[in-house]
Structures are given as structure tokens and as C-alpha cells.
Amino acid sequence: FTLPLATVPWLHARTHLPVVVDPSHGTGHANLVESMAAASVAAGADGLIVEVHPEPARAASDGGQTLDFAGFARMMDLCRKVAAAVGKTIAPAT
């Protein structure tokens with residue numbers, strides 16, 4: 001698995017479309033999702049796709065790359081901090 005974050009600013013320079021990163025599939029490992037999500041925010045990603053399940057070990061598929069609810073909350077806290085550090089905000093969930 002490789003998550004090529006250099007493509008985020010590259011795509012921004014070449015398209016008006018939003019750039020969305022999937023750190024769950026891009027890394028394949030739940031323990032990498034939080035840091036790669038934060039790195040994606042720092043790189044300028046407009047959105048994230050993250051797999052979340054209350055019991056990742058019991059997920060029908062992709063459990064190894066899936067965050068539980070507490071992990072998702074930690075990831076979002078870190079992403080908000082990174083966003084603030086680079087002058088961006090993360091919209092609250094509706």
C-alpha cells in the first residue's frame with residue numbers, strides 16, 4: 001500500500017475539483033490511518049474517506065484498516081489541530 005500525498009497539491013494545481021484522500025485503503029492498516037489523515041490535511045486535502053466500525057475485528061470487510069469510534073475521534077482531533085496550524089478549518093459534522 002502506498003498513499004502518494006504529493007498528488008494532493010499536484011491535483012490542486014491542475015483542477016478545480018476537490019481532492020479527497022482515503023487513508024484507510026491508501027495504507028491498509030488502521031494504525032497508519034490517523035497520521036496519514038493528518039498528513040493529508042496538511043497537504044491540502046479537501047476531504048477524507050475513512051472506514052469506521054464499532055468493532056473493526058468483526059467488520060464484514062477491511063477490518064484491518066478500519067478505525068473504531070474512539071480512534072476516529074482521536075483522528076478528527078488531530079486533523080482539526082493540523083488544519084488550524086495550516087490556516088484551515090474542518091467543518092463540524094451535521
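Predicted model: local features only at pLDDT ≥ 70, side-chain atom pairs only at ≥ 80, totals over all residues.
Guide: Residues are numbered from 1 along each chain as its sequence is written. Local features need pLDDT of at least 70 and side-chain atom pairs count only at pLDDT 80 or more, while totals for chains, interfaces and linings use all residues, and side-chain values use heavy atoms, with hydrogens and water left out.

Visitor: What order do the elements run in?

Guide: From the N terminus on, the order is α-β-α-α-β-α, with helices (H or I, at least four residues) and strands (E, at least two) taken as DSSP runs and numbered from the N terminus.

Visitor: OK, and which residues are in the largest nonpolar core?

Guide: That core has eleven residues, namely V33, A37, A38, V41, V50, L67, M75, M76, C79, V82 and A83; a nonpolar core is a set of buried Ala, Val, Leu, Ile, Met, Phe, Trp, Tyr and Cys residues joined through side-chain atoms within 4.5 Å. Helix 3 (30-43) and helix 4 each supply at least two residues of this core, and the largest share, five residues, comes from helix 4.

Visitor: What does M75 touch?

Guide: Leaving aside residues up to four places away in sequence, M75 touches V33, E34, A37, V50 and L67, contact meaning heavy atoms within 4.5 Å.

Visitor: Switching topic, how many salt bridges are there?

Guide: The structure holds one salt bridge, defined as a side-chain nitrogen of Lys or Arg within 4 Å of a carboxyl oxygen of Asp or Glu. K81 pairs with D77, and their closest N and O atoms are 3.2 Å apart.

Visitor: Where do K81 and D77 sit relative to each other?

Guide: Both belong to helix 4, and because they are four residues apart, about one helical turn separates them. K81 is exposed, with a relative accessible area of 54%, whereas D77 counts as partly exposed at 39%.

Visitor: Which residues make the nonpolar surface patch?

Guide: V52, F69 and F72 make a patch of about 260 Å², the areas coming from the Shrake-Rupley method with a 1.4 Å probe and, for residues, only the protein chains shown counting as cover. Patches are made of residues with over 30% relative accessible area and no salt bridge, like charges being joined within 9 Å and nonpolar side chains (Val, Leu, Ile, Met, Phe, Trp, Tyr) within 5 Å. V52 lies in the loop between strand 2 (47-48) and helix 4 (69-85).

Notes:
Buried < 20%, exposed > 50% of the residue type's maximum accessible area, 1.4 Å probe, protein only.
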